[in-house]
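Have the sequence and the 3D view open as you read.

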Amino acid sequence: MQEFVHFLQHDVLARISPPLGALPDQIVLLGAILVGAAPIVAFMAVIAMAWTYGERRIAGFIQARYGPNRVGPEGVLQPLADGIKLLAKEDIAPAGADRPLYELAPLLVFVGALLPFVALPFSEKWVISSMAAGVFYVLAFEAIEVIGIIMAGWAPNSKWSLYGGMRLAAQMVAYEIPMGLCLLTVVALAGTLNLGQICQMQGGAFGVGNWMVWPWVSPFATLAFFMFFVGGLAATKRAPFDLPEAESELVAGFHTEYSGIRFAFFFMAEYAAMYVVCAVATVCFLGGWHGPFREWLAPAAGAPTISDLLGKAVQVKTADGAWFVWANLWGALSVLGKWAFWKPMLYELLGAFYLIAKSFFLLFVMVWMRWTLPRIRIDQVIYMCLKVLLPFSLLCVLGAAAQTVFTDWNLLHWLLSAGK
Amino acid sequence: MSDFFQHFGQTVAFIAITAVVIGSALAATFAKSIVHASFALFFTLLGMAGYYFLLGADFLGITQVIIYVGGILVLLLFGVLLTSRSLDQLQIRSRASYIAASAVGLAVLAMLWKAIIRGPWQHVTPVVPQQTTQSLGRLLLTDYLLAFEFSSVTLLAALIGAAYIVRRREK
């Protein structure tokens, strides 16, 4: 964070105009947070919109029917129409509801779904905070969502909501354990909790040879990947684990009594949580931003970075005054005409494309499974977690730890000599 | 100038977090329903994590969230919500309980106050630690290995005990 503020102050603001660079840290940070939060919320909304449409069209295809195809070409504007409908809908609260909690719950769930995006990389350099404990952080903030869901289940004073909320909270808390252990397998192999570093070491031949998921990298990680994905299905209450909103018995589970924009918050949070699970699986197991042909665009050692180029373009005029600000801005814009600017830019863009494309493939598998598999019983859900996923994920952690010790001779040597 | 803003920002953040912690703690203490008290506790626990983040202890802050919010508070809420619904209307506080709780609270406050006043405070220039996670991990597996293993065995014993208590009894 400190580095980022420093970068903004010295490499961006100071070069546009020296007085801007002298702005205090806290103000720069606050501005960066406000400017940075907007695209994240927008990205979350776009994901939710794209996948409500995608889910219904894929469901239509799987069930040999059409799905939404009337609003716009092939129905692509359907999510917009739905959004307007949800915004304009009357906000109804049950008479017996606990009003403050009823109104707070959707916001908590939404914030809980938003927070993991802080540590989630989109590409090699496109990450809001490349924090050291990234994996741990992404797992931890699911807790806020759980609290929000329990609140949403209790506040409307409805039995369907309460049952759904309790089921979901139990399911999320239970499946957090095997999911965490599966990620621990990767952490043990990679030797770091930083999502960016975990992803960086998975390049290999042709950008695909060294993904964690391949059995030749580690058979334990292969097993862990499938278990993580199953755990992710359960933690995001996707079929076959969608007991918490089982329509035939619980109406709609914890959001039965919610309508309008409050329901939309739950809806967006659900799709955001699905994306987070898929993106974490992509970063930790499927090589993240690595993919074919990307290394062709890799910047050579010592090649100027984007911020270097921007700096060179604007630092010609360092004198103070309004005219120089505009001259410097023009200089910054002129960088857009240079291949040296576009090459690293395309490098990042291709990385982001690979990462999001792989995540979207996993999301597609989630949707595919929902419309293929029947719902299982609650005792089967818990059996699956405690007696299947938990022991096998523990096995994966042990195996990965053993693999790390016996393949990393430095570590083995350190361990053997530690007592002396 | 910049230094002033640095301290100013930290002070504002500290006051904001403290307001949340104290406000929600008071709400948890005086809330009429036990469910409201539990949800107020959520903000107290989250505010404590905020203090840790403010001090640069990111790992500790995340641990606070995962253990207290994700573990203990969820367990507490399950306990409250799965027990009888009439508990919500139940008068959970009486005059006697107020007096006893105040006495215990004041005693703890007096003890803390004495510790704060008498404590040999050393003024150290704050250093923002880099990579707290790595250093913590290294220390846990070297210098504090015994304490680490001891607590994990204790937790394992608690798990086995819980499984034993809830087992299906054969007749």
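What follows covers the overall build and then the salt bridges.

## Ground rules

This is a predicted model, where local features need pLDDT of at least 70, side-chain atom pairs count only at pLDDT 80 or more, and totals for chains, interfaces and linings use all residues. Residues are numbered from 1 along each chain as its sequence is written, chains are lettered from A and ligands numbered from 1 in the order in which they are written, and side-chain values use heavy atoms, with hydrogens and water left out.

## Overall build

Chain A has 17 helices and zero strands (DSSP runs of H or I, at least four residues, for helices, and of E, at least two, for strands, numbered from the N terminus). Of its 420 residues, 48% are buried, where buried means under 20% relative accessible area, exposed over 50% and partly exposed in between, with a 1.4 Å probe and protein chains only.

## Salt bridges

Over all chains there are seven salt bridges (a side-chain nitrogen of Lys or Arg within 4 Å of a carboxyl oxygen of Asp or Glu). One of them pairs Glu55(A) with Arg238(A), with the closest N and O atoms 2.7 Å apart. Glu55(A) sits in helix H3 and Arg238(A) in the loop between helices H10 and H11, 183 residues apart. Glu55(A) is buried at 3% relative accessibility, and Arg238(A) is buried at 1%.

Asp82(A) is buried at 19%, while Arg56(A) is partly exposed at 33%.
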